[in-house]
Amino acid sequence: VMRYLLADAKYPTADAKIRFHDRLLAGLQSLPGVESVALASNLPLQGSYGWKYEIEGEAPKEPNRRKSVSGVVITPEYFRTCGVTLPRGRAFTLSDGLAGNEVVIVNEAFAKAHWLHGDVIGKRLRLSSDDGKEPWLTVVGVAPQIRQNDPTRLEGDELIYTPVRQDPPRSLAVMARTKVPPTSLAAAFRKEVQKIDQDEPVDGLQSLDERLAEQRWPFRVFGTLFAIFGLFALTLASIGIYAVMAYSVGQRTQEIGVRIAMGASRANVFRLVFAFGLRRLAIGLVLGLGAAMAGTSVLRGLLVQITPTDPLTF
């Protein structure tokens, strides 16, 4: 992946931006080792646009307040490059986004929220503007859930995708799926940009795995830190429990001697000691699990795709 930003002075019109985007896509796609290339306003887990919208035939609950939805501007090969297929409908084509052919792709969460019953394909929505002159966008496909914003949420956001030709941004991210290690193509990718515009800077040229690893470093660092604290707590608790049990059994040495003298077997003595320990274990489990269950609400906001009362974790 990489990112570039077109200067307004050099690329003042939508056509100028589209010509740059098209030339770059063609150049990158021709490189040996490249399977597919796409452009997107935002990479997965790298945020999104926020758009006001209205659904055709759907009366707003609050007339003076428009709904908002997360949005990403993409080129036709985006989903193929991400390695996903659309469960319904189709991906964008090169003609999508031109005047008279305004289209949109919605994700499953958006489709379920607005068209729970009936076919989604062919439905229309409009990105709201103050003058109300924005065209109606026809839904041509339904995309699977690709996490675009907060990765800590259990459920994915409602999301819509529009084609680059419909409203070409100045800044776009490049995504390329390769047959070779992606970082081996870094110099070639930079060179393709400079072939078109010698002064165009490139930012964040790295593999998507590296980009996501950088984004997740706080979770890794603090997760490791808490794991170390947990290990220390477990070790100290184990030593403490062992010492207390050993001391308790030591205090009963005379009693155990009397029992043996009266005919108690080795098994009887073991049963006596283990029963003593298990009773305290049962009390500790009830109190400990109860306290843990009571504290799950504090952790709810930090958990991803797991419930606070997950049995395996407990």
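Q: Is W51 buried or exposed?
A: Welcome to this predicted model, where local features need pLDDT of at least 70, side-chain atom pairs count only at pLDDT 80 or more, and totals for chains, interfaces and linings use all residues. Residues are numbered from 1 along each chain as its sequence is written, and side-chain values use heavy atoms, with hydrogens and water left out. Buried means under 20% relative accessible area, exposed over 50%, and partly exposed in between (1.4 Å probe, protein chains only). W51 has a relative accessible area of 18%, so the residue counts as buried.

Q: What kind of aromatic pair do Y49 and W51 form?
A: Rings of Phe, Tyr and Trp (its six-membered ring) pair if their centres lie within 6.5 Å; planes under 30 degrees apart count as stacked, over 60 as edge-to-face and the rest as tilted. Y49 is partly exposed because its relative accessibility is 32%. The rings of Y49 and W51 are 5.6 Å apart, centre to centre, with 45° between the planes, and the pair is tilted.

Q: Which residues touch the most other members of the largest nonpolar core?
A: Such a core is a set of buried Ala, Val, Leu, Ile, Met, Phe, Trp, Tyr and Cys residues joined through side-chain atoms within 4.5 Å. The largest one has 38 residues, and those touching the most other members are V106, F110, L125 and V174.

Q: Which residues does N107 touch, not counting those up to four places away in sequence?
A: N107 is found in strand β6 (residues 103-107); strands (E, at least two residues) and helices (H or I, at least four) are DSSP runs, numbered from the N terminus. With 1% relative accessibility, N107 counts as buried. Taking contact as heavy atoms within 4.5 Å, N107 touches V142, A143, P144, Q145, D157, E158 and L159.

Q: Which helix gives the most to the lining of the second largest cavity?
A: On a 1 Å grid over the protein atoms alone, a cavity is a set of points where a 1.4 Å probe fits but cannot get out, and lining residues have an atom within 4 Å of a point. The lining here consists of V249, R252, I256, L272, V273 and F276. With three residues, the most comes from helix α8 (residues 266-294).

Conventions
1 Å grid on protein atoms, 1.4 Å probe; cavity = no way out; pocket = protein on both sides within 12 Å on 5 of 7 lines; lining within 4 Å.
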